[in-house]
Each structure stands twice: as structure tokens, then as C-alpha cells.
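Thanks for coming, everyone. Have a look at this one with me, and then we'll walk through a few places in it.

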Amino acid sequence: MAKERLDRVLGHLGVGTRKEIHKLARAGLIVVDGVVVTDAAFKFDPSLSRIEVAGESLVYQPFFYLMLNKPAGYVTSTKDPHGIPVTALLPEEWQRSDWMPVGRLDKDTEGLLLLTTDGELLHRLTHPRWKVAKRYYVELAAPATPEDVAVFAAGTLELEGERLQPAELHLGSNPRQVELVIREGRFHQVKRMFAARGNQVTYLKRIAFGPLALPGDLPPGAARKLLSEEIGALYDAVGLGRGE
């Protein structure tokens, strides 16, 4: 890894603003590999160095990842003048300017939303080429039918004149409460798929994205950091080397 400026590295790790980091350096509160560094422009390889700030050790990582249980009423954006962005739900210590939502959930849609700072991982997780499965719990105005199952599976359904990839519709004991697995993410896709079959989605919740499922103990509006094995599973799912 190329050498980077100390203030940039610490800013990336969320230590503070550039001004605050310069103040910490001048006060002799930053230690790199056992040496006090008072110059915030000092360059080093953070992946190979031990960093301490005010006596606290920091672990460097190039990218960050969160899992959020999105409630209805929030827009899948980090900045939006027409609604409350999902990042408003994050605690102050997790606020970053470089969060990117992995795919979109409509304002009224709930459930699993991933946030990352790795643009390549985001691209692959959302691009149809990689066929990453997204599983939804769907409530419908009218019962879904075995014919719906067959049409979705055949990949013959079209939106705006373009065929959708085959999708898996799972009917349970109540055909108004179903699960749908899709491997692409077009605009309002789930709602439009059922609308094309003459049905209406009344409630929608994403319950899994690729190898990750929404934990039952993560309440609406709450977020948590991804576990190491979860991060690895995401990278494996799209053929990337480990991004940590």
C-alpha cells in the first residue's frame, strides 16, 4: 500500500476533522510505531503501522461495512432534499461522508440494507452480471398463484420491453404472504412484477441480500457492523479478494 498522510488516515478512521487531527498532533497525542508524530502531514503505510491516538490503539481498515434494518419513511440515499436519508439513522460515531447504499429500497420498503465505502464491491453486488440474490417478504392484495410462480421462473416477464431474469416465487400456506427472490434490481422491480400480473404489493421487506440474512435481533432503525465472516462472504459471492 502506498504511503498516506497522517491526517488523511486518521480522518478516514473517523478520529476527527482535519483541524482536530492537527491539534492532536501538535499536542503530542499521536503515536506511530512507538514514535510521537507532531506533523499531521507525516506519511506512512497505515496497513503496516501501529497507530495510537490519546493512548488508544486504532486498527486500520481500507473499507467499512454496515448492515441496517431500514424502516419505512426513509429514502435510500445519503443526501436527499426530498426525504430523510437512511444515514440519519446511524449513531454519530458511524457517520461518514463516503457511505454508499448497496442497492435501493423504496421509501415505504423495509428491511436489510447494506452500506459500504468500497465502490467495487457495491458495483458487483448490484450489477445483474453477478446474479446476487435478493430475497423479499411480500404481502399482496390478492393471492399469488402457481401460474405466477411459473411466469416468474420462466423469465418471460417484461418491464419496459426488456425481459427480467428468472425469479423464484415461494408460496406458503397464505398465498397473500409470499417470498420472492430476484437477481437484479430494477426500479420498483418487485412491485412492478406483481403489478404486471394484476396484483398489488401492500407491504415489502427485504430479508436477505446475497449470503447475508436480516438478523431477527436487529430492530427496525438499528444498524451494526458486519462481522468478519460476513464481509468475506460478500466478497466471495462476487469473486473479489478480501477487501479488509
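Start at one side chain. Thr76 reaches the backbone oxygen of Leu105 with its side chain, at 2.6 Å. That is a polar contact: a pair of N or O atoms within 3.5 Å, where within protein one must be able to donate a hydrogen and the other to accept it, and residues adjacent in sequence count only if both atoms are side-chain atoms.

Before we go on, the ground rules. This is a predicted model, where local features need pLDDT of at least 70, side-chain atom pairs count only at pLDDT 80 or more, and totals for chains, interfaces and linings use all residues. Residues are numbered from 1 along each chain as its sequence is written, and side-chain values use heavy atoms, with hydrogens and water left out.

Back to Thr76. Where does Thr76 sit? In the loop between β8 (74-75) and β9 (84-85). Strands here are DSSP runs of E, at least two residues, and helices are runs of H or I, at least four, numbered from the N terminus. Is Thr76 buried or exposed? Thr76 has 2% relative accessibility, so it counts as buried. The cut-offs: buried is under 20% relative accessible area, exposed over 50%, partly exposed in between, with a 1.4 Å probe and protein chains only.

Who touches Thr76? Leaving out residues up to four places away in sequence, the contacts are Lys70, Val86, Pro101, Gly103, Arg104, Leu105 and Leu113. Contact means heavy atoms within 4.5 Å.

Two or more lining residues each come from α3 (119-126), β12 (134-140), α5 (189-196) and β17 (201-209).

Last stop, a sheet. Four strands run in the order β3-β2-β5-β6, open and antiparallel. β3 (35-36) and β6 are at the edges with a single partner strand each, so one side of each has no neighbour in the sheet. Strands pair if DSSP finds at least two bridges between them. β2 (residues 30-32) and β5 (residues 51-53) have three. One example: Ile30 bridges to Val53 in β5.
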